[in-house]
Amino acid sequence: MSPYILATLLFGLGLGTTITFASSHWLLAWMGLEMNTLAIIPLMTLNHHPRAVEATTKYFLTQATAAAMLLFASTTNAWFTGQWNIEQMTHPLPITLITLALALKIGLAPVHAWLPEVLQGLDLTTGLILSTWQKLAPFALLLQIHPSSSPLLIMLGLTSTLIGGWGGLNQTQLRKILAYSSIAHLGWMILVLQFSPSLTLLALLTYLVMTFSTFLVFKLNKATNINTLATSWAKAPALTAPAPLMLLSLGGLPPLTGFMPKWLILQELSKQDLALIATLAAITALLSLYFYLRLSYAMALTMSPNNLPGTTSWRLPSLQLTLPLTTSLVATLSLLPLTPAVTTILTL
């Protein structure tokens, strides 16, 4: 692809998200989401493979359906209330429809079935964009709607944490595992959205950092399934040592960064007299933890039965940029001591 076309598509991605961020009118927000979708579709077909074309088609149809639902719901809200302002959502019918449309856009369960299949058909770089940047604009709209006392959000959150953990147990493809990991993390964010939007933003930020690190590690190792992780020691021994800690941080184990949002979310749910919901969410997190431990075991505690042909890869100079990976890996492993400062900021 020409660098000019690539720059135009990336600019379109950024502009679409920025328009949605800055808009207070539903039509402008819808336009930003559509620009986002249309900009990423050529990037998804960079790898000329039938799986990539199939994934792109599924993604386009899903996003078009969600955008049509969003437009219909916002029009219905304007019919009922005479308002196009995003923050003036008062009627329960358009609020429910828009929440479901945005859930379909980001891949929340039970409307999640497209996400693992789409992510499996993409390369790791485009999958990283789909798992991180593409979540920002729909989350901005969810935060602006802020439906209060909505059992729909609780149901979506609990279902996502359960499906995200359960679905990843039987997978061997890393991209599908990361898709189910994304579903589970999004469920935690949705659970606490109506009680503490700032806590949802914190969970989203930590998820972005941890997912960024994970995708870059797999991209550096050129790993797409669990079996290829066994060759990590020969490819990048210095990176393979902290990589299991990164995966455990995704699972939310202390004393790693991933424990911070789950800890604060469980604390907030308990404050809202939702101890049963908090208990169920914590139990479903154990399902996700299992497949992170499985990946850690395959990466750090097993060796490939075959010798790698040719020169040992770690002796060759690496041409990949490792500064973003280094920065995000440090953030993934060591930000838990900042929790008191974060809680202070959240209470301001």
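In this predicted model, A281 makes contact with L158, W188 and L191 once its neighbours within four places in sequence are left aside. The residue belongs to helix α16, which spans residues 275-300. A281 counts as buried because its relative accessibility is 0%, and the limit for that class is under 20%. The C-alpha atom of A281 is separated by 6.7 Å from that of T161, although the two residues stand 120 residues apart along the chain.

**Domain arrangement**

The protein is divided into domain 1, covering 1-148, and domain 2, covering 149-306 + 322-347. A distance of 23 Å lies between the C-alpha centres of domain 1 and domain 2. At their interface, 30 residues of domain 1 touch 35 residues of domain 2. The size of an interface is often expressed as the accessible area that is lost when the parts come together. For domain 1 and domain 2 the buried area is about 2900 Å², and carbon and sulfur atoms give 79% of it. Within the area that domain 1 buries against domain 2, Q120, L124 and F139 supply 23%, more than any other three residues.

Q120 is placed in helix α5, residues 114-120. With a relative accessible area of 10%, Q120 falls under the 20% limit and is therefore buried. Apart from neighbours within four places in sequence, the contacts of Q120 are R51, Q173, R175 and K176.

**Salt bridges**

How many salt bridges does the structure hold? The structure holds 3 of them, and 1 is found across the interface of domain 1 and domain 2.

| Salt bridge | N to O distance |
|---|---|
| E54 and K58 | 3.0 Å |
| E117 and K176 | 3.4 Å |
| E117 and K58 | 4.0 Å |

E54 is partly exposed, its relative accessible area being 37%. K58 is also partly exposed, at 30%, and E117 has a relative accessible area of 30% and is partly exposed. K176, in turn, is buried because its relative accessible area of 18% is under the 20% limit. Through salt bridges that share partners, E54, K58, E117 and K176 are joined into one network.

**Nonpolar surface patch**

Which residues make the nonpolar surface patch of about 430 Å²? The patch is made by M1, I5, L6, L10 and L46. Of these residues, L6 is placed in helix α1, which comprises residues 3-22.

Note on methods: Residues numbered from 1 in each chain as written. Predicted model: local features only at pLDDT ≥ 70, side-chain atom pairs only at ≥ 80, totals over all residues. Heavy atoms only, no water. Patch = residues over 30% accessible without salt bridge, like charges linked within 9 Å, V, L, I, M, F, W, Y side chains within 5 Å. Areas by Shrake-Rupley, 256 points an atom, 1.4 Å probe, with all protein chains shown as cover. Salt bridge = Lys/Arg side-chain N within 4 Å of Asp/Glu carboxyl O. Helix = DSSP H or I, 4+ residues; strand = E, 2+ residues; numbered from the N terminus. Domains from an automatic or database assignment. Contact = heavy atoms within 4.5 Å. Buried area = accessible area lost by both parts, 1.4 Å probe. Buried < 20%, exposed > 50% of the residue type's maximum accessible area, 1.4 Å probe, protein only.
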